[in-house]
Amino acid sequence: VYGEQLGDKEANKEQDTHKEDGVGIGLDSSVIALKHDLFLVQSVDFFYPLIDDPFMLGKIALANVVSDVFAVGATQIDQIKLIATAPTEFTEKEREVVVPMVMKGFLEAAKECNAPVKIGSIAENPWCIIGGAASAVCHRSELIMPYNAQEGDAIVLTKPLGTQLATNAYIWMSERSENWTKLQERFTAADIEQTYQIALESMARLNKTGAELMRKHDAHAATDVTGFGLYGHAANLASFQKAEVDFHLDTLPIIKNVREIADTLGRSTKLLAGKAVETSGGLLICLPKANATAFCEEYRRRTEHEAWIVGRVEKGARGVKMDPNLNVLSVE
């Protein structure tokens, strides 16, 4: 587990309680002890295409791959590997066009990481899968282990929720599906396009700045929000805490129009429970309450995007509690 690998005396004291945590597997990245206080941080991640733009798909894939490494505070990626499959239903011409566009987007986004990229074999597969592996070698002082949330901490989120519905709505509009028939009674094509563009920018934005600010503002624990949604990832992070605490979530920043899209289609329950699937979401960070506002302000200055205080850490039983009177924000 992380605590044993890092020689954390407090973690070792509690190893009887946390002996079976398996944090290296259960959370975002594996952290492997090397020598001279160095550690290897690695993550492997894949997903299915959720948009029809191959270049943007490549950028989102890169952001998704490196996010798990950023979630433990490792901001300098040493190597990234792209792994992808081309659908067997593609013609040879389609493969020649689409696959290089995905690779171009992946490589373009990787420039911000200043890390070398290796291109793995592009195999054929019944499904198109894109992802890869990211590795970083770090000194123990660079890492923020995900189990030290403290009672009184604020919880901050660095990207809005609602990416799945935002991208699905765009696809439904493009395909003139039954769902679009329902949606166009309330939304224009321009509304859906705007929502889609907000989601694209969010998914393609790296969590690197968030990771850098985690270290600056003394974060105690973090994870990234992806396939299990806000609630699922918060619950997983809470379950690994050394202290007996609960995460109380009271604010949901949601991409503009997504709540109304969910209302129109009868899908609000999952969204407002924080259980909607996300792709390449933000960092969910526990940090001292006194530092949370400064974190959000500096994040806005550096990225020109908002971060939000979405909850707090209180004494509890390592679970998540959703406020019955949620503050739902519309994010443009």
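View A. Glu212 is partly exposed, because its relative accessible area is 23% (buried means under 20%, exposed over 50%, partly exposed in between, with a 1.4 Å probe and protein chains only). Lys208 is buried, at 12%. The two residues form a salt bridge whose closest N and O atoms are 2.8 Å apart (a salt bridge is a side-chain nitrogen of Lys or Arg within 4 Å of a carboxyl oxygen of Asp or Glu). Both lie in helix H10 (residues 208-216), four residues apart, about one turn of the helix. Helices (H or I, at least four residues) and strands (E, at least two) are DSSP runs, numbered from the N terminus.

This is a predicted model: local features need pLDDT of at least 70, side-chain atom pairs count only at pLDDT 80 or more, and totals for chains, interfaces and linings use all residues. Residues are numbered from 1 along each chain as its sequence is written, and side-chain values use heavy atoms, with hydrogens and water left out.

View B. The structure holds twelve salt bridges. In one of them, Glu201 meets Arg205, with the closest N and O atoms 2.9 Å apart. Glu201 is partly exposed at 30% relative accessibility, whereas Arg205 is buried at 12%. Another salt bridge joins the side chains of Glu314 and Arg312 (2.4 Å, N to O). Glu314 is partly exposed at 29%, and Arg312 is partly exposed at 31%. Salt bridges that share partners also join Lys208, Glu212 and Arg302 into one network.

View C. Strand S3 (residues 79-87) and strand S4 (residues 117-125) pair in the parallel sense over seven bridges; strands pair if DSSP finds at least two bridges between them. Leu82 has Ile119 in S4 as its bridge partner. Together with helix H6 (residues 92-110), S3 and S4 make a right-handed β-α-β unit. Right-handed means that, with the strands pointing away from the viewer, the path from the first strand over the helix to the second runs clockwise.

**View D. Val277 and Leu57.** Val277 is found in the loop between helix H13 (268-272) and strand S9 (283-287). At 26% relative accessibility, Val277 counts as partly exposed. Leu57 is 220 residues from Val277 along the chain, and their C-alpha atoms are separated by 17 Å.
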